[in-house]
Amino acid sequence: MSRQRDRSLIAERFGTVRQAASVCLPDPSVKTPWKLETYRAGGGYTALEKVLSGQIPHADIIETLKLSNLRGRGGAGFPVGVKWSFMPRSSDVQKYVVCNSDEGEPGTCKDRDIMRLNPHALIEGMAIGGYVMGATIGYNYIRGEFREPYDVMEEAVREAREAGFLGKNVCRSGFDFDLHNCLGAGAYICGEETALLNSLEGKKGEPRFKPPFPAAYGLYGKPTTINNTESYASVPAILRADGNWLDGQWFRGLGVENSGGVKIFSVTGHVNRPGNYEIRMGTPFRDLLDMAGGVWKGRRLKAVIPGGSSVPVMPAESILKANMDYDSLQQHGSAVGAGSVIVMDETTDMVGILERIALFYYEESCGQCTPCREGTGWLYRIIRRINSGRGSMEDLDTLLDVANRIEGRTICALGDAAAWPVQSFLRHFRHEFEDKIAMDRANAA
Amino acid sequence: MSTVTINVDGRNLEATPGEMLICVTDRNGIYIPRFCYHEKLSVAANCRMCLVEVERAPKPLPACATPVMDGMKVQTRSITAQEAQKGTMEFLLINHPLDCPVCDQGGECPLQDQALGYGRSDSRFQEQKRSVASHDIGPLVATEMTRCIHCTRCVRFGEEVAGLLEMGAPGRGEHMKISTFLNRPVNSEVSGNMIDLCPVGALTSRPFRFAARSWELTSNFGISPHDCLGTNINIQTLRNCVERVLPIENAEINECWIADRDRFSYEAINCRHRLTVPMIKRAGAWEEATWETALTHAANGLKRLMDNGSAAEIGGLATWSSTLEEFHLLQKLVRAMGSDSVDYRLRQCDFRDDDIAPPLPVSEVPIRAFSDRESVLLVGSNIRKEQPLLALRLRNGWQTGKTRIAAINPIDHDLNFGTSHLLIAPGNSLVSQLAALASAVAGARSMPLPPEIRRIADKHRLTDLADQICQAGGNGLVVLGEAAQQHPNASLIKAIVHWLAEAAGSRIALLAPGNSAAGALANCQPGEGGRNTGQMLAGGMRGFILLGCEPELDCMDGKQALSAMQDSDFVIQLSAFRSESVMQYADVLLPMATFAESSGSYLNCEGRLQRSRAAVTPPGEVKPAWKILRVLGNFLGCRGFDYMDLEDIETELSPRTENPAPTFRLGKWRLEDMIEPGHTGLTRLSGMPMYRGEATLRHARALQSTADTPAPVIRVHPDTLSELGLKSGEQALLDDGDTTAQLPVKEDPRIPEKCIYLPSGFAESAMLGIHNRVSLEPLDGRQG
């Protein structure tokens, strides 16, 4: 009971704000939204029932998703409908749907709250995905630290199975679909989809070289689709379309061109009200910052990392002009990423921040590819040296050069993710690094 | 098959669609640097050294993992490509020790070579280099893991080729390290290939360590005498000393691998037990002698026997690692003296089918076909330890899903592939289960089963396996391993296999140890009236000429062999090594050259004749065995021993060597009576550990320290062990009726119940008979 109360409290306090429509995060006024009965009272599982009734061709569901402009919420932003259409429909082999709940991107905490507060939306979304793509087994790979969300998911899966929404003969439709939750072991790299598959198979979490892509050779070598938690959890609401069944325009209209619908942004850092904000795509950053109560302590904004530590940092003047959607952030030199907005006020030490970020990638590189294994450690050590007062101006050139030699040279995107912060910090805040080095030199002399 | 055209560095190249770019460039002589890529291993694409520029690709792509597409334009030396390659090289070197002068890989190191082409002359890395602890992974492979560049070739080799996941890459990022799990040793019988695969000095050869630099060594083509493939080896020498052995790639035979047995057996050549001068025993005391004296002594001894009318009681025994020419001269010499008793089949005990036996112990399918069989039936074969490279081929077929492998073995051997059917058949049940299988095959083919087979078939219903074998037809293979050949009822096994293969349409492969096929080709076996190994060892022989063999260790029944030697009047041993036990019964020791010191021919199991040339001249007074036998022939005044050189012998043999037919069918079908053990109770199972079966191997130091040379212990099934009132690790008394031995026991669930397994090839086990009733009891006689 106390855990349930905590969860509600957090839902209220942790600024879980919905701006437009309830898609992934439940209405904060609803008590115990994670319970099956609560979810059903709000129209939950009607989409699955309708889909399974057999009236709707699979292609229509995929078309709806394409029209809705739902883009993958894990970071890459690949259109979900298109991804689902890659799965071979006809073949008789076992297929899998996998949910990537290994939410490890620093600054992100949206999937955790979806699982804690709205687990049935995820289950329903995955079951629909399983039906559309002909997969009878789903795996939800949950970040190792997410013990509590794992327990909630386990309970929700049990409820859904008892109610006939999972297992053999789902909703008496003849379709079998079962879902298993798996807890990771604390590796950021397992959020990379092919490393996740390896980890699910019980192997070391190392990304696989692509091609072949998972849709052709995925889990246990079988066709597999992997989507982010938020992507799956969005599907039921998109199909329900607020009463206009299968109207993809509904979701699309909530957002802007090329960025459909609403999306959760996890706002953290130097704001008054950090939290998860499910807002329309295309909302100006200024508005999001206002929702989060503005920069704390009355200070000025210095910089924002808008999509988690892997995307380039944006200086205040640039982010304040940007809107929270894929095109606008890209135009301003960054990306939506996983939607983790890290806000930094004017007192922030950018050298220190970069050292922390570099340490993260150094610790989390899987070690498979040479540039990332050797380069992330090198980056970290140079920045640490600069930050501890033993840097030189040449170090900055070396830093940039090392980052450039990691970027685009590795099997997975972790190498890029390690390089981009270094490149963007030096692009926008090189003067801070130079000042630090010069000051340390002067002090030493 | 259709082809595509790609353009690499301005050249148009033909390629197969889907082929990886690096295969195309390699074939066309365009060099792309690489570390992790190896044509025999899966693509890892982790070293990032082979990055090249591909038109319309946003970033450089790894050539090892980029499939070619029609019209693809590739630049391997453009600024983008070189920048990427140089970038990777810098990363590889920042944490790699730059102490090539003290690294054993120096001079033959891909990292060193490529650093010259792609590295910087200075280092921008100011931080502290990483150092990694190394663990002892066994007597063959030395580790220095600070040098490791994490290409994972060794890991992939173990997992994919050898079939043992011994090396792994625990740890993440910079903390990832290549090691065995829980610091266990590497026990694979092909582990030495990891040394060749390692592109840096992380895994090096332990016996060769710091012995020489690669550029000082001279390479010599050689043939391994230790397997039936005729593995091609590179015998590398320095100042007339064999320093190491490497594989020579031969796609038809050994691909690019060699077994540890081939790689490390050279250590025996330089061992301190080498016999380097002729020795004769006078009045019970050994003395060194000149060749003249020793040969005179030897010839006189033989002449004495001949003059006494005992010429027919002179026998010749040859080790299976002898060359064709040596086999030939031994049989010629023995026959010239008036005897017909000569044999190379030291470990065979059932010779009843000699009159109908196939001419050569060979395989009816070529070596490369071992990897594309539909069905394989192993009969009494621990192929992984007997013929490791053929086991790799079988594993390959099994891995690709092409081959289904079944086994009827006395022991549940640890094979490196999965079996569709595994029948454990100790003792005579090997014959009766095989007969049951023949019966099932007869059923599947609706053919009448010979009543002789029906009479001995046991109750096993093997229709499923019979269907598997029959469906494969000509794509099926039955492999007769050493346990089948050494079986007391081997002739029954061969006859049933012959019938079964005829009925199912299968092919047969008899995998005899080493160069045995050459022994048969040279007719180094008894003619009519001559005695075979079994008859010679049964007693009654007056003299022996031993070619490279130590009968008490090489023969199946060491006890019987020893007494046969002791009972004879005159024993000449041609040997590379001094053996204490041989010196107790021999009269003349003639120092002979080892495989690396002597030229000669080897006939492999597919009937391929290969010639090996001496890589070094032998030490001291040592001579190649063929020269010793030739001169001995001269001393005895035998005709036809006036060869000038090896070519003369080859010419003499040429009518036989021209077309050795690789068939293995009996001349006439007949089933002998089953020899029953004549006792109930414990059955002693025996086998030759892979590094004990021949004198050279027994003197190879590092091989003797591996897990494949276990200390002689009695292995017993846990249930049988507790029934006997024994515990694992205890000493027990083994009694074979007239000899007892005190040995430790060890529980081993792979041994069938009511059996004990004691390996041959050790002094401790040689003194025990093998066919007798054995009993095993606690040392102090107490029960329980």
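Predicted model: local features only at pLDDT ≥ 70, side-chain atom pairs only at ≥ 80, totals over all residues.
Residues are numbered from 1 along each chain as its sequence is written, chains are lettered from A and ligands numbered from 1 in the order in which they are written, and side-chain values use heavy atoms, with hydrogens and water left out.

**Figure 1. Chain A on its own.** Chain A contains 18 helices and 13 strands (DSSP runs numbered from the N terminus: helices are H or I with at least four residues, strands are E with at least two). Its radius of gyration is 22 Å, in agreement with the value near 22 Å for a compact globule of 445 residues (taken over C-alpha atoms; the globule rule is 2.2 Å times the number of residues to the power 0.38). Of those 445 residues, 61% are buried (buried means under 20% relative accessible area, exposed over 50%, partly exposed in between, with a 1.4 Å probe and protein chains only).

**Figure 2. Helix H6 of chain A.** Have a look at residues 110-117: seven of the eight are buried, so this helix is largely enclosed by the rest of the structure. The buried ones are Lys110(A), Asp111(A), Asp113(A), Ile114(A), Met115(A), Arg116(A) and Leu117(A).

**Figure 3. Asp440(A) in its helix.** You'll find Asp440(A) in helix H18 of chain A, which covers residues 414-444. Asp440(A) counts as buried because its relative accessibility is 17%. Setting aside residues up to four places away in sequence, Asp440(A) touches Ile386(A) and Gly389(A) (contact means heavy atoms within 4.5 Å).

**Figure 4. Where chain A meets chain B.** Here, 33 residues of chain A are in contact with 35 residues of chain B. Together the two chains bury about 3,000 Å², with 49% of it on carbon and sulfur atoms (buried area is the accessible area, 1.4 Å probe, that two parts lose on being put together, summed over both). On the chain A side, Trp378(A), Arg405(A) and Arg409(A) lose the most area to chain B, together 26% of what that side buries.

**Figure 5. Helix H13 of chain B and what covers it.** Chain B has 26 helices and 32 strands. Its helix H13 runs over residues 463-472, and the buried residues in H13 are Leu465(B), Ala466(B), Gln468(B), Ile469(B), Cys470(B) and Ala472(B). Their cover includes strands S17 (375-379), S18 (404-409), S19 (421-424) and S20 (476-480), along with helices H11 (429-445) and H15 of chain B. Just past H13(B), Gly473(B) takes a positive phi of about 50°.

Figure 6. His498(B) sits in helix H15 of chain B, residues 490-504. With a relative accessible area of 9%, His498(B) is buried. Trp669(B) is 171 residues away along the chain, yet the C-alpha atoms of His498(B) and Trp669(B) are separated by 8.2 Å.
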